[in-house]
Amino acid sequence: MLRAVVDVLRQRVLGGALRAGDRVAVIASLTVAVPAPGAASTSAAATKQTRIVLQKALVSNVQLSNLANVKDSVTSEQGAPAVVGNYTVTLALSAADTERLTFALENGTLWLAKQPVAATGTDSRIWTVDDVLRAPVTD
């Protein structure tokens, strides 16, 4: 197993609620050139796509990487000063998953979603703007 570090905003790591030992899904949003049907590949239009790219990645460490402009007026629900800044999350991954994560980090944005250890495979697909806007709203 390799250790890979992800530096992400607080809201992208469950508000900082991740802990060592948790399992997470890694969700990547990338801009991809998609040619129109029948069009030459040189006339491809850029489109944003999002997908779960890793599942059940083991969190081996979580730490606050920087404290950015914490104001006295910003407080958490418990009344303590709210933590504002980035988190550094270390994931234990296979070599192939580390490469996939590195590509996503270099070319897009990431979110981490906590997954139960006992979870079976999560259905995943590529989502585009059209998919999000056309998908039925569920209760």
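Here is a friendly conversation about the predicted model shown above.

Colleague: What should I know about numbering and about which residues and atoms are used?
Modeller: Residues are numbered from 1 along each chain as its sequence is written, and side-chain values use heavy atoms, with hydrogens and water left out. This is a predicted model, in which local features need pLDDT of at least 70 and side-chain atom pairs count only at pLDDT 80 or more, while totals for chains, interfaces and linings use all residues.

Colleague: What pattern does the protein follow along the sequence?
Modeller: Helices (H or I, at least four residues) and strands (E, at least two) are DSSP runs, numbered from the N terminus. The protein has two helices and six strands. Read along the sequence, they give β-β-β-β-α-β-β-α.

Colleague: How many bridges join strand S1 to S4?
Modeller: Two strands pair if DSSP finds at least two bridges between them. S1 (residues 2-9) and S4 run antiparallel, and Ala4 in S1 stands opposite Leu91 in S4. The number of bridges joining S1 to S4 is eight.

Colleague: Is Ala4 buried or exposed?
Modeller: Buried means under 20% relative accessible area, exposed over 50%, and partly exposed in between (1.4 Å probe, protein chains only). Leaving aside neighbours within four places in sequence, Ala4 is in contact with Val89, Thr90, Leu91, Leu93, Thr98 and Leu101. Ala4 has a relative accessible area of 8%, so Ala4 is buried.

Colleague: Why does Thr90 count as buried?
Modeller: Thr90 has its place in strand S4 (residues 85-93), where nine of nine residues are buried. Not counting residues up to four places away in sequence, Thr90 touches residues including Arg3, Ala4, Leu58 and Asn61. Thr90 counts as buried because its relative accessibility is 13%.

Colleague: Which side chains meet in a salt bridge?
Modeller: Side chains of opposite charge can pair when their charged atoms come close. The rule asks for a side-chain nitrogen of Lys or Arg within 4 Å of a carboxyl oxygen of Asp or Glu, and the count comes to one salt bridge. The N to O distance is 3.6 Å, and the side chains are those of Asp22 and Lys114.

Colleague: How many residues apart are Asp22 and Lys114?
Modeller: Asp22 counts as buried at 13% relative accessibility, whereas Lys114 is partly exposed at 48%. The salt bridge between them links distant parts of the chain, with Asp22 in the loop between S1 and strand S2 (23-34) and Lys114 in strand S5 (residues 108-115); they are apart by 92 residues.

Colleague: Which helix gives the most to the nonpolar patch?
Modeller: Trp127, Val129, Val132 and Leu133 form this surface patch. Patches are made of residues with over 30% relative accessible area and no salt bridge, with like charges joined within 9 Å and nonpolar side chains (Val, Leu, Ile, Met, Phe, Trp, Tyr) within 5 Å. Leu133 is exposed, with a relative accessible area of 67%. Three residues of the patch come from the helix that gives the most, H2 (residues 129-134).

Notes:
Accessible areas come from the Shrake-Rupley method with a 1.4 Å probe; for residues, only the protein chains shown count as cover. Contact means heavy atoms within 4.5 Å.
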